[in-house]
Amino acid sequence: MLGLKLPTDPRWVNIVEKNIDEILTDHAYCEQKAASTAISLIVSFPEYPELIEEMIALSREEMGHFKMVHDRILARGKTLGRDRKDDYVLQLVTFFPKGGSRTTQLIHRLLYAALIEARSCERFRLLSEELEDKELADFYHRLMVSEASHYTMFLKFARQYGDREIVDKKWQDLLDYEAEIMKNLGTKESIHG
């Protein structure tokens, strides 16, 4: 369903289980960044009313997810740690060249967002199926369902605002590039890394 070319090695869950507090902190910041992405799209592309409406809803939902993760951190007797750089996203967003028309910039940002959401969904599925902590596994199952709809929404908008054939080619090329990135990741207690 997600179209990812390289699935996450299931052993990544073993790394996560040894560092639950770290993954929760990383996850909290991922939700916050997702909300920020939605707001950034509103600010950058106000001429797309349908996109604006969806991004308003998405920013609220992502901040709701941030609160859910933050509540889990507090329930564990911890506090939110500091944000760390996301090597996955930093590498991913170098794929498309900078510049181009506003429409091209929008499509590239939508494709990046779709892929980040797809990878998050895939990781949440693994956590929901493999974590020994069943309460946490159930939590990630609920988030996985939400992330799947985010990925398809971003991809739908990219196809709607661009030439479908060109967008689909860019999407496949981005998926290939992302698979290469993933070959060197999966060794840290982070949602994408």
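This is a predicted model: local features need pLDDT of at least 70, side-chain atom pairs count only at pLDDT 80 or more; totals for chains, interfaces and linings use all residues.
Is His65 buried or exposed, and what is its relative accessible area? The numbered points below begin with this residue.

1. His65 is buried, with a relative accessible area of 8%; buried means under 20% relative accessible area, exposed over 50% and partly exposed in between, with a 1.4 Å probe and protein chains only. The residue lies in helix α3, where helices are DSSP runs (H or I, at least four residues) and strands are runs of E of at least two, numbered from the N terminus. Leaving aside neighbours within four places in sequence, His65 is in contact with Glu31, Leu143, Ser146, Glu147 and His150, contact being heavy atoms within 4.5 Å.

2. Residues are numbered from 1 along each chain as its sequence is written, and side-chain values use heavy atoms, with hydrogens and water left out.

3. Helix α7 (residues 164-182) has 19 residues and reaches 26 Å from its first C-alpha to its last, close to the 27 Å expected at 1.5 Å a residue; the expected span is 1.5 Å times one less than the number of residues. In α7, Val167, Trp171, Leu174, Leu175, Glu178, Ala179, Ile181 and Met182 are buried. They cover an arc of only 150° around the axis, which puts them on the same side of α7; the arc is that of the directions from the helix axis to the C-beta atoms. On the other side of α7, Glu165 and Lys169 are exposed. The buried residues of α7 pack against α4 (87-92), α5 (102-130) and α6 (134-161).

4. Helix α5 has 29 residues and spans 42 Å from its first C-alpha to its last, close to the 42 Å expected. Of its 29 residues, 21 are buried, so α5 is largely enclosed by the rest of the structure.

5. The largest nonpolar core has 60 residues, and those with the most contacts inside it are Leu51, Leu110, Leu111, Leu131, Tyr140 and Phe154. Such a core is a set of buried Ala, Val, Leu, Ile, Met, Phe, Trp, Tyr and Cys residues joined through side-chain atoms within 4.5 Å. Leaving aside neighbours within four places in sequence, Leu131 is in contact with residues including Val13, Val16, Ile20 and Tyr140.

6. Nine aromatic pairs are found in the whole structure. Rings of Phe, Tyr and Trp (its six-membered ring) pair if their centres lie within 6.5 Å; planes under 30 degrees apart count as stacked, over 60 as edge-to-face and the rest as tilted. Phe95 and Phe96 are edge-to-face, at 5.0 Å centre to centre and 70° between the planes. The rings of Phe157 and Tyr161 have centres 5.6 Å apart and planes at 10°, so this pair is stacked. Phe157 and Tyr161 both lie in α6, four residues apart, about one turn of the helix. Together with Phe45 and Tyr48, they form one aromatic cluster.

7. Asp83 lies in the loop between α3 and α4 and is partly exposed, with a relative accessible area of 38%. Its side chain makes a polar contact with the side chain of Lys33 (3.2 Å). A polar contact is a pair of N or O atoms within 3.5 Å; within protein, one must be able to donate a hydrogen and the other to accept it, and residues adjacent in sequence count only if both atoms are side-chain atoms.
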